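Trainee: I have a new model open. Can you show me how to read its features, one at a time?

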Amino acid sequence: MNESIETITFNKVNFKYNDQSDLIISNLSFDISKGDKVLIRGVNGSGKTTLIKLITGLYSPTSGSILINGKDSAFIDKKSIREKIGIVSQNIFLFKGTVLENILYGQKDKTKDDVINLINKYHLTEYINRLEKGLETEIVQNGSGISGWQAQIIAFLRAIIKKRDLIILDEATSNLDADTKQLILDILEESDLCNILIIISHEEQGLQFINKIIQLQRNEPSLEQMEPVIERREIRGMV
């Protein structure tokens with residue numbers, strides 16, 4: 001996949017694990033497009049994380065299809081899709097090495113200067129300076145010695161250091177204090193970070209910039225257009 005991701009469409013998608021008879025996702029259809037900032041919400045076990053794994057190609061639908069730019073993702077190299085996606089999750093894995101090395105992980109064309117410029121641009125200098133040696137602070141395997149909020153800031157910078165087509169935040173502000181969380185939300189609202197932004201969150205405070213909601217329920221999932229409402233569409237199916 002050489003072009004940028006501009007549309008994602010779920011067409012009557014069903015999914016279940018091989019060893020289970022019950023569907024985790026049933027007959028789910030929706031579409032999101034370039035410029036959309038989407039909130040996925042629902043109770044635990046409603047399929048939010050499964051939905052993300054389907055989008056990223058970690059899972060394949062049991063039936064139905066997932067289209068990217070109108071093309072069936074089953075016939076697109078999954079690695080080429082994932083290279084265009086940045087993910088910040090609640091449970092963040094950090095590698096043994098410096099903070100700088102973790103932010104630049106997987107980047108071949110970015111340098112320390114790019115990281116410093118990014119930190120300055122988004123007013124995150126204070127948070128990096130709180131680390132013992134700033135960007136040169138050593139991290140033990142899997143983030144031992146780094147607090148939860150520090151790990152999330154590092155993961156956020158890692159996700160946005162390269163312009164991505166799709167950024168997914170999976171409860172990614174859960175460990176942040178109110179001021180830091182608001183700063184990240186302001187960045188998401190005001191900045192052109194990606195073509196499509198997807199946020200999984202139980203909270204809606206500060207998410208006034210969201211223009212679509214995918215509500216996952218065990219009975220009737222729905223997709224809502226946020227105010228101003230031009231068109232209201234419903235996802236048909238069950239999750």
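Mentor: Start with burial. Buried means under 20% relative accessible area, exposed means over 50%, and partly exposed lies in between (1.4 Å probe, protein chains only). By that rule Arg41, with a relative accessible area of 17%, is buried. This is a predicted model: local features need pLDDT of at least 70, side-chain atom pairs count only at pLDDT 80 or more, and totals for chains, interfaces and linings use all residues. Residues are numbered from 1 along each chain as its sequence is written, and side-chain values use heavy atoms, with hydrogens and water left out.

Trainee: Is Gly106 buried or exposed?

Mentor: Gly106 is exposed, at a relative accessible area of 61%. Look for Gly106 in the loop between α3 (99-103) and α4 (112-121). Helices (H or I, at least four residues) and strands (E, at least two) are DSSP runs, numbered from the N terminus.

Trainee: How do I read a salt bridge?

Mentor: Side chains of opposite charge can pair when their charged atoms come close. The rule here is a side-chain nitrogen of Lys or Arg within 4 Å of a carboxyl oxygen of Asp or Glu. The count comes to 7 salt bridges. Among them is the pair Arg41 and Glu204, at 2.1 Å from N to O. Arg41 is in strand β3 and Glu204 in the loop between β10 and β11 (212-216), so this pair links distant parts of the chain, 163 residues apart. Glu204 is partly exposed, at 39%.

Trainee: Which residue does Lys71 meet in a salt bridge?

Mentor: Lys71 meets Glu3, at 3.2 Å from N to O. Lys71 lies in strand β5 and Glu3 in the segment before β1 (7-15), so the pair ties together parts 68 residues apart in sequence. Lys71 is partly exposed at 45% relative accessibility, and Glu3 is partly exposed at 30%.

Trainee: What about sheets?

Mentor: Strands of a sheet pair through backbone hydrogen bonds, either parallel or antiparallel. Two strands pair if DSSP finds at least two bridges between them. Here 4 strands form an open sheet in the order β2-β1-β4-β5, with antiparallel pairing. Its edge strands are β2 (25-33) and β5 (71-72), and each pairs on one side only. Strand β4 (residues 63-68) joins β5 through 2 bridges. In β5, Lys71 is the bridge partner of Ile68.

Trainee: Why is strand β9 described as largely enclosed?

Mentor: 5 of the 5 residues of β9 (residues 166-170) are buried, so the rest of the structure largely encloses it. Leu166, Ile168 and Asp170 point one way, while Ile167 and Leu169 point the other way. Strand β6 (residues 85-89) runs parallel to β9, with 5 bridges. Strand β10 (residues 196-200) also runs parallel to β9, with 5 bridges. Ile168 stands opposite Ile87, and its partner in β10 is Ile198.

Trainee: Where is Glu171, and what does its side chain touch?

Mentor: Glu171 sits in the loop between β9 and α7. Its side chain makes a polar contact with the side chain of His202, at 2.6 Å. A polar contact is a pair of N or O atoms within 3.5 Å; within protein, one must be able to donate a hydrogen and the other to accept it, and residues adjacent in sequence count only if both atoms are side-chain atoms.
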